[in-house]
Amino acid sequence: MPGQLFDNALNQPGMPFPLLKVLVHSRAMNFLRGKRILLGVSGGIAAYKSAELVRQLRVAGAFVRVVMTPAASEFITARTFQALSGERVWCDWSDDRTAMEHIELARWAETILVAPATADTLARLAQGRADDLLAAVCLASNAPLAVAPAMNQAMWRHAATQHNVLVMQQRGVSVLGPASGAQACGETGPGRMLEPVELVEHLSASFANGLLAGLKVVVSAGPTREPLDPVRFFSNRSSGKMGYAVARAAREAGALVDLVSGPVVLESPAGVDCVRVETAAEMHREVMARMADCDLYIGAAAVADYRPLSPAGDKIKKQEQTRSVELEPVPDILAAVAALEQRPLCVGFAAETGRLEEYAQKKRIQKGVEMIAANRVGKGLGFETDDNELLLVWDGGSCLLERDHKPILARRLIEQIAALYARLAKSKSGSKPVEHHAKHSA
Ligand code: C5P
């Protein structure tokens, strides 16, 4: 059993500490890649551990911005965090208060962790104060807030602190720790900040949600290449970033995910089974081979619409004259999946330059799928970019996912798909609760 192996390994006497940390670290799935974490650091001796925390979050692939309280800079310098996070560090409002930094940071953060959270910081957060930048960011943000208390054991046990903690927990704040043990002040008891590796695991787990728990999801992503001869091909500008982000978000939502990917330079997301293909025909074959037990198909690939009718067996020689190539349409994979008798819920993508809703609804009906995610191409959006904007359309509804980074949009898309899945499953089963693995037929 893997867990057993870890426990045995961790119990080995004399095991070097860094190796032990790596093992503990690898125990959980990493859901932190591409996440935007705002780390608040307040003024306690445990602030030195926050430097290691930033490093581990970066290793896990998260973006980290650090906001320090004025007291924190008496324990650790902003430069340390700047070097480790690769980002500017905020210690206070800049002179120009109209800059609205607290609002910008509050919007940027997908989650906020205050570590260490001193007794004073806990009290101020519990009261909802906004008289330093960190407190103001916490107040202005809708992002989930977690705190990692660190203080003397008597301060932690004090009724005032316990009351503040309770108030925050009732408000939905996650209180991580504290651990118990020897303290910097020489006393022993509860009040030690959790170790960075434990905080990383908590944060990672906080991104896992059960929206698609137990469902089998197949995602297609990237372009296809249609050969003209052994060295040349027709393709398109798809980077695969959106499809990969969707596969990752589906995995975080608890689904078992197969990713059928055209040629891209991206790493396959952790926990996702990725099969690489080149042509539309190969993508068609690999997608269809996964349909037997599939609950949800998300066609994010930019499949070539045409392929050369007769690719040359040898490299075509350069000639002076113009040359024409006869093209034939490739199979429409999404439409083929939607036409299966036992079929999953189907979501397609559409790139449009205008009249998004009208064209997207037409495409949804024409392909016979439950949802189309339409994006406007041009104006720095769509292919090869890190940002996107999506208009989702389904039978009787639509919703705009405003411009944002693709990983964030992908998570919002998964929320909408999960909601649609639940609605359709419910309407199929009358008033019965949602059944996973329910098949949808058009
Ligand atoms: O028809 P159009 O290319 O605009 O439709 C886009 C949607 O259809 C995308 O979801 C894409 O993955 C899917 N598609 C497909 N097979 C094709 C062409 C498009 O699955 N041959």
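This note goes through the structure point by point, from the ligand site to the backbone.

1. Basis of the note. The structure is a predicted model, in which local features need pLDDT of at least 70 and side-chain atom pairs count only at pLDDT 80 or more, whereas totals for chains, interfaces and linings use all residues. Residues are numbered from 1 along each chain as its sequence is written, and side-chain values use heavy atoms, with hydrogens and water left out.

2. The ligand is surrounded by 13 residues, of which the closest are Gly-299, Ala-301, Leu-334, Phe-349 and Lys-363; a residue counts as near the ligand if one of its heavy atoms lies within 4 Å of it. The shell divides into 7 nonpolar, 2 polar and 4 charged residues, where Ala, Val, Leu, Ile, Met, Phe, Trp, Tyr, Cys and Pro count as nonpolar, Asp, Glu, Lys and Arg as charged, and the others, Gly among them, as polar.

3. Backbone atoms that face the ligand. A polar backbone atom of Gly-299 is 2.5 Å from an oxygen atom of the ligand, a backbone N or O atom of Ala-301 lies 2.7 Å from a ligand oxygen, and for a backbone N or O atom of Phe-349 the distance to a ligand oxygen is 2.8 Å. On its own the ligand has 450 Å² of accessible area, and the protein covers 85% of it; such areas come from the Shrake-Rupley method with a 1.4 Å probe, and for residues only the protein chains shown count as cover. The elements that give two or more residues to the shell are α13 (333-338), β17 (345-352) and α14 (356-367), the helices (H or I, at least four residues) and strands (E, at least two) being DSSP runs numbered from the N terminus.

4. Lys-363 and Glu-352. Lys-363, which is among the residues closest to the ligand, has a side chain that meets that of Glu-352 in a salt bridge at 3.7 Å, N to O. A salt bridge is a side-chain nitrogen of Lys or Arg within 4 Å of a carboxyl oxygen of Asp or Glu. This pair links distant parts of the chain, since Lys-363 is in helix α14 and Glu-352 in strand β17, 11 residues apart. Is each partner buried or exposed, or something in between? Lys-363 counts as partly exposed because its relative accessibility is 22%, whereas Glu-352 counts as buried because its value is 12%; buried means under 20% relative accessible area, exposed over 50%, and partly exposed in between, with a 1.4 Å probe and protein chains only.

5. Other salt bridges. A search of the whole structure finds 28 salt bridges. In one of them the side chains of Glu-370 and Arg-343 meet at 2.8 Å, N to O, and this pair too links distant parts of the chain, with Glu-370 in the loop between α14 and β18 (371-376) and Arg-343 in the loop between α13 and β17, 27 residues apart. Both Glu-370 and Arg-343 are buried. Arg-192 forms a salt bridge with Glu-195, with the closest N and O atoms 3.8 Å apart; Arg-192 is partly exposed, with a relative accessible area of 30%, and Glu-195 counts as partly exposed at 30%. A network of salt bridges links Lys-216, Asp-258, Arg-285, Glu-286, Arg-290 and Asp-293.

6. Asp-132. Asp-132 lies in the loop between α6 (119-127) and α7 (133-140), and it is buried, with a relative accessible area of 9%. Its side chain makes a polar contact with the side chain of Arg-124 at 3.1 Å, and the side chain of Asp-132 also reaches the backbone nitrogen of Ala-135 at 2.8 Å. A polar contact is a pair of N or O atoms within 3.5 Å; within protein, one must be able to donate a hydrogen and the other to accept it, and residues adjacent in sequence count only if both atoms are side-chain atoms.

7. Backbone points to check. Most residues other than glycine have a negative phi, and most peptide bonds are trans. Arg-355 has a positive phi of about 40° although it is not a glycine; this residue lies in the loop between β17 and α14 and counts as exposed at 54% relative accessibility. A cis peptide bond joins Ala-115 and Pro-116, with omega about 0°, and Pro-116 lies in strand β4 (residues 111-117). Another cis peptide bond joins Gly-177 and Pro-178, with omega about 5°, and Pro-178 lies in the loop between β6 (174-175) and β7 (179-182).
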